[in-house]
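This briefing sets out selected features of the structure shown below, grouped by topic. It is intended to be read alongside the sequence and the coordinates.

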Amino acid sequence: MRPITLDGFERTFAADPDPWQTFRNRDEAVKRDAILHAIGAGPLGRILELAAGNGSNSVAIAPRALRLDATEATGAGTALVARALAGVPRARAIRLAVPAHLPRTAYDVVVVAELLYYLTPGAMRRTARDVAAALRPGGTLVLAHHRIDFHDFAQHAAPLHRQFLRATGRDWRVRCVHRNRRWAVLACTLA
């Protein structure tokens, strides 16, 4: 594996606003539906979405939130998220590369999708602790990631959900919302 860098993501989003066809691919739509199911019907309070990419999930998540902070690490990606959320009340695109200080101190839901395998183990552990500290009691952590490796990952995909939850230092009740050969979506609440 040769991990993609933030510059690589910047170039990818600058060249194509939907490089993984997340707005139009049927499998991505099924994954997005699983993420929404894991979040719940709403309206919920504050939702944090880490690594929002081009905003394809953000625009679907926003109606379930009283406030949505959709973060993306690249300038080009952040602009795409802002475009997707244009005109959506109480939703904002924020440029943020994790690990970093999160935009708010408390969230009712945190969505981490298609991110963990791009982080180094140390960055993932710091992000896990930050997310756990920001999640309100009774809140939901949604994890949605591939279970198979791709050439540009920094870590192997299969064990990442378990490793991330362990790195939070907290006990979780985990419900598998959807799993197939390629990816899984989990809804996690503090035990």
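**Structural briefing**

Helix α2 (residues 26–39) contains both K31 and E28, which stand 3 residues apart, about one turn of the helix. The model is a predicted one.

**Salt bridges**

- Across the whole structure, 7 salt bridges are found.
- A network of salt bridges links E28 and K31 with E114.
- A further salt bridge joins R92 to D69, with the closest N and O atoms 2.6 Å apart.
- Because R92 lies in strand β3 and D69 in strand β2 (residues 65–72), this pair ties together parts that are 23 residues apart in sequence.
- The two partners may be set side by side: R92 has a relative accessible area of 36% and is partly exposed, whereas D69 is buried at 0% relative accessibility.
- D108 and R136 also meet through their side chains in a salt bridge, at 3.0 Å from N to O.
- This pair links distant parts of the chain, since D108 belongs to strand β4 and R136 to strand β5, 28 residues apart.
- D108 is partly exposed, with a relative accessible area of 22%, and R136 is partly exposed at 30% relative accessibility.

**Aromatic rings**

- A pair of aromatic rings is described by how far apart the centres lie and by the angle of the planes.
- The structure has 4 aromatic pairs.
- One of them is formed by Y117 and F153, whose ring centres are 3.9 Å apart and whose planes meet at 5°, so the pair is stacked.
- Y117 lies in the loop between β4 and α5 and F153 in the loop between β5 and α6, so that distant parts of the chain, 36 residues apart, are linked by the pair.
- Y117 and F153 are both buried.
- F153 also pairs with F150: the ring centres are 5.6 Å apart and the planes are at 65°, so this pair is edge-to-face.
- F150 is partly exposed, with a relative accessible area of 36%, whereas F153 is buried, with a relative accessible area of 1%.
- One aromatic cluster is formed by Y117, Y118, F150 and F153.

**Nonpolar cores**

- The largest nonpolar core has 31 residues, and the members that touch the most others are L50, L141 and L143.
- Two or more residues of this core come from each of β1 (44–50), β4 (107–113), α5 (121–134), β5 (135–146), α6 (160–167) and β7 (183–190).
- The most is given by α5, which supplies 6 residues.
- Beyond its neighbours within four places in sequence, L50 is in contact with T71, L96, V98, L102, V111, V112, A113, L115, T127 and V131.
- There is also a second, separate core of 24 residues, whose members include V109, V142, V185 and A187.

**Backbone features**

- The peptide bond from V98 to P99 is cis, its omega being near 0°.
- P99 is placed in the loop between β3 (91–95) and β4.
- A51, a residue other than glycine, has a positive phi, near 55°.
- The loop between β1 and α3 (58–61) holds A51.
- With a relative accessible area of 25%, A51 is partly exposed.
- R90 likewise is not a glycine, yet its phi is positive, at about 60°.
- The loop between α4 (75–84) and β3 holds R90.
- With a relative accessible area of 45%, R90 is partly exposed.

Terms used. Residues are numbered from 1 along each chain as its sequence is written. This is a predicted model: local features need pLDDT of at least 70, side-chain atom pairs count only at pLDDT 80 or more; totals for chains, interfaces and linings use all residues. Side-chain values use heavy atoms; hydrogens and water are left out. A nonpolar core is a set of buried Ala, Val, Leu, Ile, Met, Phe, Trp, Tyr and Cys residues joined through side-chain atoms within 4.5 Å. Buried means under 20% relative accessible area, exposed over 50%, partly exposed in between (1.4 Å probe, protein chains only). Helices (H or I, at least four residues) and strands (E, at least two) are DSSP runs, numbered from the N terminus. Contact means heavy atoms within 4.5 Å. Rings of Phe, Tyr and Trp (its six-membered ring) pair if their centres lie within 6.5 Å; planes under 30 degrees apart count as stacked, over 60 as edge-to-face and the rest as tilted. A salt bridge is a side-chain nitrogen of Lys or Arg within 4 Å of a carboxyl oxygen of Asp or Glu.
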